[in-house]
Amino acid sequence: MAKKISGSQIETLIFAHRGSSGTHPENTMVSFQEALHVGANGIELDVHLTKDGEVVVIHDERVDRTTNGTGFVHEKTLKELKQLDAGSWYSYHHKGETIPTLNEVLEWISNKNLLLNIELKNDIIQYEGLEEKVIQLVHKYDVSESVIISSFNHYSLVKVKQLDKEIETAVLISDILYQPWHYVKSLGASALHCSKSFAFSKMITQAQQQIPIRVFTINDELEMKHILLNCLSALMTDFPSEAVQLKSILK
Ligand code: G3P
Ligand code: MG
């Protein structure tokens, strides 16, 4: 698996947001495989816990939007979730795609040259034991060096660092904060993952002098250009192929 570039990083890394989710069904193995295929540096994905305590890769608390099922992820067993079709909603070409487990993704990625941003989706439902299970899996595949754990639930990020001080954490925000680098460091975190709505704000210009800044979700070419030319640490996009091509043109 890829190793993170430390302090002196000058290139903007391209993360495929939910995989190559602009061209394939989000958070599925085909969307991750496509991200690798087009040359993304990393993948971002979202995780929840099932009724029987398995870590699964899906964005919403409910399965309704991205599968042919209905109901909450945490009210279904892994076996029940695996029976759902997670591809047809996007296109009939992807019929039969299933909700991946984090275990499956880590097994696949462990011998690939890809970074992995695992977003803990525990800001709405606070899943008991999610942090422990995710860390256990990261250890199982020995991929700590290429994993970044992020969450909008900052209590959870502190817990992750208490469980394993070596794992990199990143603070997800969707608001302007005053001098956020102080806050980020106070949580033991290393980076800020921020919404594009203020990617070009004074806060980010100042913050990028202090900590790595990764911006989501950048799908517009002009915005991609802006992030690349301003050398922010990473951009997360649903269209990694376009971002990779643009990056090579701007080099
Ligand atoms: O991790 C960055 C981004 O994915 C956060 O928002 O809703 O797309 O998971 P969302
Ligand atoms: Mg996410």
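Biologist: Where does W181 sit?

Modeller: W181 belongs to helix α6, residues 180-186. Helices (H or I, at least four residues) and strands (E, at least two) are DSSP runs, numbered from the N terminus. One caution: this is a predicted model, where local features need pLDDT of at least 70, side-chain atom pairs need 80 or more, and totals for chains, interfaces and linings use all residues. Residues are numbered from 1 along each chain as its sequence is written, chains are lettered from A and ligands numbered from 1 in written order, and side-chain values use heavy atoms, leaving out hydrogens and water.

Biologist: Is W181 buried or exposed?

Modeller: Buried means under 20% relative accessible area, exposed over 50%, and partly exposed in between, with a 1.4 Å probe and protein chains only. W181 has 8%, so it counts as buried.

Biologist: What does W181 touch?

Modeller: Contact means heavy atoms within 4.5 Å. Leaving out residues up to four places away in sequence, W181 touches M203, Q206, A207, Q210 and I211.

Biologist: How do I read the buried side of a helix, say α3?

Modeller: List the buried residues, then look down the axis. In α3 (102-109), the buried ones are L102, V105, L106, W108 and I109. They fall within an arc of 160 degrees, so they line one face of the helix; the arc is that of the directions from the helix axis to the C-beta atoms. Those residues pack against α1 (29-37), β2 (42-49), β3 (55-57), β4 (115-120) and α4 (130-140).

Biologist: And S151, which polar partners does its side chain have?

Modeller: A polar contact is a pair of N or O atoms within 3.5 Å; within protein, one must be able to donate a hydrogen and the other to accept it, and sequence neighbours count only if both atoms are side-chain atoms. The S151 side chain makes one of 2.9 Å with the side chain of N122, and reaches the backbone nitrogen of N153 at 2.8 Å. S151 lies in strand β5 and, at 0% relative accessibility, is buried. Its contacts beyond four places in sequence include L120, S156 and L172.

Biologist: Which residues are around ligand 1?

Modeller: A residue counts as near if one of its heavy atoms lies within 4 Å. Here they are H17, R18, E44, D46, H59, E119, K121, F152, L172, F216 and M236. Oxygen atoms of ligand 1 lie 2.8 Å from a polar side-chain atom of H17, 2.7 Å from a side-chain N or O of H59, and 2.7 Å from one of K121. Of the 290 Å² of accessible area that ligand 1 has on its own, the protein covers 90%, by the Shrake-Rupley method.

Key: Accessible areas come from the Shrake-Rupley method with a 1.4 Å probe; for residues, only the protein chains shown count as cover.
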